Amino acid sequence: MRRQQALFNVNFSLLVTVVALLPLLGALTCIVLSILLNFKESTWTHCRVANYLPSISSAIGGYAPQKYIWRICVALHAAPRFLFAFAYFGYYTSFHVGPRNTLYKNLARLCVFLHVLENTALVTLTYVSSTDNYAVHENMFIVFMVCSEVYMLLSCILYKWSHESNGRVMTKSEVRSYQYKKRLFVFNLAMFLTAVYMFFRHEWYCETGGEKDFSTCIYLLAHLILLITLISS
């Protein structure tokens, strides 16, 4: 039987890089445009104090053309990520880790679920802006953040179990990759907790520039999550 030839080949590493960069570049574009075109409106808060940076929700969903740029970037970003989730599941379940294999497979399934849920939350908060429905937008943002943090933690656990199963010893490159994943997760968790602190501090004290500090943390955190989620598996 004649073997069919592939119509085209896709460099997976390049595809992951492009998919990861889409929301990063889109968000940066939206932030810059909001500062240039809608600075006063995008930095307004209920505290009525001076702020220097727009919130990410305002930058990506409050004004045109920013919201359309962001929606296009997320649409192109989200579709491949659903495929990546199941590709990573197939990769991890190709390992057998001995007595803990049932638990390992269940954790891999949970990882896929969290990956899909996080991606769904990102799409929802993108197309339902804070001005359209604040409650839905806020809740989806929380789901996005929490799922991302738990997913990254489980990814580190799965990577260690799969690469040290049945007496296997990690290579130098695998050890370096594992350490890299752990450090990124710890840094990302620290940014998440800092952002939560900045949010409540701004809500309680209404300090001048408080929104700027919170926005800076969220900018970094959101971009880190989107990048790490794709490379942490």
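The charged end of Arg100 sits over the ring of Trp161, 4.1 Å from the ring centre. A charge counts as over a ring if NZ of Lys or CZ of Arg is within 6 Å of the ring centre and within 35 degrees of the ring normal. Lys181 meets this rule as well: its charged end sits over the ring of Tyr159, 4.5 Å from the centre. The model is predicted, so local features need pLDDT of at least 70 and side-chain atom pairs count only at pLDDT 80 or more, whereas totals for chains, interfaces and linings use all residues. Residues are numbered from 1 along each chain as its sequence is written, and side-chain values use heavy atoms, with hydrogens and water left out.

Helices (H or I, at least four residues) and strands (E, at least two) are DSSP runs, numbered from the N terminus. Along the sequence the pattern reads α-α-α-α-α-α-α-α. Of the 233 residues in the protein chain, 45% are buried. Buried means under 20% relative accessible area, exposed means over 50%, and partly exposed lies in between (1.4 Å probe, protein chains only).

Aromatic contacts were examined next. Rings of Phe, Tyr and Trp (its six-membered ring) pair if their centres lie within 6.5 Å; planes under 30 degrees apart count as stacked, over 60 as edge-to-face and the rest as tilted. By this rule the count comes to 4 aromatic pairs. Phe141 and Phe144 form a tilted pair, with 6.4 Å from centre to centre and 45° between the planes. Both residues lie in helix H6 (residues 134-163). They are 3 residues apart, about one turn of the helix. Phe144 is buried, at a relative accessible area of 2%. Tyr159 and Tyr178 form a stacked pair: the centres are 6.2 Å apart and the planes 5° apart. Tyr159 lies in H6 and Tyr178 in helix H7 (residues 172-205), so the pair ties together parts that are 19 residues apart in sequence. Both tyrosines, Tyr159 and Tyr178, are buried. Tyr159 is also the ring under the charged end of Lys181. Elsewhere, ring pairs link Tyr91, Tyr92 and Phe95 into a cluster.

Helix H7 was checked for its length. Buried residues in H7 include Glu174, Tyr178, Lys181, Leu184 and Phe185. Asn188, Met191, Phe192, Ala195 and His202 in H7 are buried too. Just after H7, Cys206 takes a positive phi of about 50°.

Glu203 is found in H7 and is partly exposed, with a relative accessible area of 33%. Glu203 and Cys47 are 156 residues apart in sequence, yet 7.9 Å apart in space, C-alpha to C-alpha. Cys47 is placed in the loop between helix H2 (39-42) and H3. At 13% relative accessibility, Cys47 counts as buried. Cys47 and Tyr205 are 158 residues apart in sequence and 8.8 Å apart in space, C-alpha to C-alpha.

Axes are lines fitted to C-alpha atoms, for helices over the stretch in contact, and angles run from 0 to 180 degrees between N-to-C directions. Helix H4 (residues 66-92) packs with helix H5 (residues 101-127) at an angle of about 175°, and their axes are 10 Å apart. That makes H4 roughly antiparallel to H5. Angles under 35 degrees count as roughly parallel, over 145 as roughly antiparallel, 65 to 115 as roughly perpendicular and the rest as oblique. By class, the contact of H4 with H5 has 17 nonpolar, 5 polar and 5 charged residues. Ala, Val, Leu, Ile, Met, Phe, Trp, Tyr, Cys and Pro count as nonpolar, Asp, Glu, Lys and Arg as charged, and the others, Gly among them, as polar. Ala75 lies in H4 and is partly exposed at 40% relative accessibility. Ala75 and Val123 are 48 residues apart in sequence and 7.5 Å apart in space, C-alpha to C-alpha.

Two loop sites concern backbone geometry. A cis peptide bond joins Ala64 and Pro65, with omega about 10°. Pro65 is found in the loop between helix H3 (56-61) and H4. Asn166 has a positive phi of about 55° although it is not a glycine. Asn166 lies in the loop between H6 and H7 and is exposed, with a relative accessible area of 61%.
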